[in-house]
Amino acid sequence: MSSPTELAAWQVLTAHQQEMASVSMTSLFEDDAQRAEKYCAHAAGWTLDYAKNRANDKTLSLLTELAKEAGLESAIKGMFSGAHINNTEDRSVLHIALRASQAQETLMVDGVNVLAEVRATLKQMEQFVAQLHSGEWKGYSGKTITDVVSIGIGGSYLGPKVVAEALTPYKKDGIKVHFVANIDGSDITGKLKQLNPETTVFVISSKTFGTLETLSNANAARDWFLSNGGSQDNVSKHFAAVSSNVKKAVDFGMAEENIFPMWDWVGGRYSLWSAIGLPVAIAVGMDNFYALLDGAHQMDEHFRTAPFEENLPVIMGALGVWYINFHNAQTHALIPYDHYLRAMPAHIQQLDMESNGKANLLNGDGVATDTGPIIWGGAGTNGQHAYHQLLHQGTRLVPVDFIAPLTSHNPIGEHHVHLIANCLSQSQALMVGKTLEQAKQELRDAGASEDQVEAVAPHKVIQGNRPSNTLFTDKMTPATVGALIALYEHRTFVQGTIWGINSFDQWGVELGKVLGTDIYNRLVSDSDNSTLDASTQALIKAFKKLRLNRLAFYTALTKTPASAGVFVFIPSPSLQGLGRGSESEAFMQVAPSGRHRRLYMTPS
């Protein structure tokens, strides 16, 4: 595809933006009494109110035309038919197959019925989950499993974690699910301290079974297991895997029947619907996992069949393009007014920014316009006491999606009414703002003097005319959570298609991995680093010096006779009073009598 800026609709939209620049949203409501009803769409248990946007009928018509000229209709057909729309990796994009209706019997890709593979995996998941919840699965000592730890990273971690958290009200009793991703040792160490190796199962999610962070944490978990009563022969009772590399998983110690497949036609950030979602199924049960899939499928069917003018992903995607490319919006905020959805912006951040953070068209040419925005957000109402100040009075235009269930899982007094009132009032405030005259009158009504009015009123002005969407549903259920995430998946695809980029590769992730391996090798060896930039050389030198000094110091400590007493670690803040720098550490040697002490400082 050539640049979207060459499309006729794009050029008309450029001129139309000038027409709309001075138009207020409040005037659009005044001019059209039916606007609220017209600018509302429904699908899969969700309602989208998009009336509070800087758009009129002409805007929406032009955006729909832009999507058509960009080839969105054929792109949707291509995805649902299994075409290789991921052109740089020559792959199909079939996360939609993971949640296909049971009535659909075949979806052939390169001569293989992928639906047969998907359903076989779901049956395998059913058996695994049933064994855990029934107590049939026992640890090596014969005890029932109480905890499952999911170890992955990226799409193998974030999506399942966010969904498991979102479905907290549906969690099954008996088994607690934990998630580990970060290679920072504090992550897995903190989890392991809570666990009993006799009653814990680890699920390792890595397509190649070679992802550095995941394999490092998997090895740490196995070492912990072996150091606390387990044996290599019993690893299979406590470890399972989601991977396409069966041999490596078996060599690790896993039973082949507890290794679940992954496919090239599912990108990591779209994979929670596959066996990558096994931790979700364990947490909430397979019945609720199937409901999650069904909700996503309902949104798939809406996306595939609904006219663009009524299509939630198309409307949201096109409006996003309108603000990013025609109003210079650089970010987009997601604010869920639901405690259990508080981490959802992080998942959509990965989904969107890894998909559309691209600078090349499908044909390899550079893009001529901005692509993916920075996605961010957090839980309402917390954000109202933080970043909402910037939303209302800052210099940047930030479109917002407000997301809320109308019914709470935990009704307490008027809590939920206040929550929804906050959600609706924030979208209203973004639109209407506050004029200088209103600010002055407000101060006069509060008894301020005219001098105070003139001095303070400008600071209380809120520009308004800032756009937002509101997505609401009756209640957060497995089905509506599934539909919501599928909605954002398709919205991302809509925008990528309009921009003419590939939303399904992620080559930008690879460079850091390659360089990371190189730097690691330099940190643990005496390699010549002179070819590196001066900054990296200096950082490597500083790390190696500190590491070697501490290793020498700790080695010396281990040679001290046990009769000399014990060593108590003293953190650096406690050494400030001794005239030592903030980087110092020490161990205090305490004799058995408790009377004789000696301070050992780590070398600087």
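## Close-up views of a predicted model

**View 1. A mixed sheet of six strands.** An open sheet is built from six strands in the order β1-β2-β13-β12-β10-β11, and its pairing is mixed. Because β1 (40-43) and β11 (374-377) stand at the edges with a single partner strand each, one side of each is left without a neighbour in the sheet. From one strand to the next, the twist averages 20°. Helices (H or I, at least four residues) and strands (E, at least two) are DSSP runs, numbered from the N terminus, and two strands pair if DSSP finds at least two bridges between them. This is a predicted model, in which local features need pLDDT of at least 70 and side-chain atom pairs count only at pLDDT 80 or more, while totals for chains, interfaces and linings use all residues. Residues are numbered from 1 along each chain as its sequence is written, and side-chain values use heavy atoms, with hydrogens and water left out.

**View 2. Strands β10 and β12, with helix α16 on the sheet.** Four bridges pair strand β10 (residues 331-336) with strand β12 (residues 400-405) in the parallel sense. L334 has D401 in β12 as its bridge partner. Helix α16 (residues 415-432) packs on the sheet, where it touches β12 and β13 (468-473), and its direction makes about 160° with that of β12. Axes are lines fitted to C-alpha atoms, for helices over the stretch in contact, and angles run from 0 to 180 degrees between N-to-C directions; contact means heavy atoms within 4.5 Å.

**View 3. A parallel sheet of five strands.** Another open sheet has five strands in the order β6-β5-β7-β8-β9, with parallel pairing. Its edge strands, β6 (176-180) and β9 (259-260), each pair on one side only. Strand β7 (residues 200-205) runs parallel to strand β8 (residues 239-242) and is joined to it by four bridges, with F202 standing opposite F239 in β8. Helix α8 (residues 185-192) lies across β5 (147-151), β6 and β7, and runs at about 165° to β6.

**View 4. An aromatic pair at F239.** Rings of Phe, Tyr and Trp (its six-membered ring) pair if their centres lie within 6.5 Å, and planes under 30 degrees apart count as stacked, over 60 as edge-to-face and the rest as tilted. By this rule the model has 17 aromatic pairs. The ring centres of F225 and F239 are 6.1 Å apart and their planes stand at 80°, so this pair is edge-to-face. Since F225 lies in helix α9 (residues 212-227) and F239 in strand β8, the pair ties together parts that are 14 residues apart in sequence.

**View 5. Helix α14 against helix α19.** Helix α14 (residues 344-356) packs with helix α19 (residues 478-499) at an angle of about 25°, and their axes are 10 Å apart. That makes α14 roughly parallel to α19, given that angles under 35 degrees count as roughly parallel, over 145 as roughly antiparallel, 65 to 115 as roughly perpendicular and the rest as oblique. Residues of α14, including M344, H347 and L351, meet residues of α19, among them L484, Y488 and W499. The residues of this contact of α14 with α19 divide into seven nonpolar, six polar and three charged; here Ala, Val, Leu, Ile, Met, Phe, Trp, Tyr, Cys and Pro count as nonpolar, Asp, Glu, Lys and Arg as charged, and the others, Gly among them, as polar.

**View 6. Helix α7 against helix α14.** The axes of helix α7 (residues 158-166) and α14 come within 9 Å and cross at roughly 155°, and α7 and α14 are therefore roughly antiparallel to each other. L158, G159 and V162 of α7 make the contact with M344, A346, H347 and Q350 of α14. By class, the contact of α7 with α14 has four nonpolar, three polar and no charged residues.

**View 7. Helix α4 across helix α13.** Helix α4 (residues 57-69) and helix α13 (residues 312-326) have axes that come within 10 Å and cross at roughly 105°, and the two helices are therefore roughly perpendicular to each other. T59, L60, L63 and L66 in α4 meet A318, L319, V321 and W322 in α13.

View 8. Most residues other than glycine have a negative phi, and most peptide bonds are trans. The peptide bond from G380 to T381 is cis, with omega near 15°, and T381 has its place in the loop between β11 and α15 (388-393). A44, in the loop between β1 and β2 (46-49), has a positive phi near 50°. D110, in the loop between β3 (108-109) and β4 (112-113), has a positive phi near 55°.
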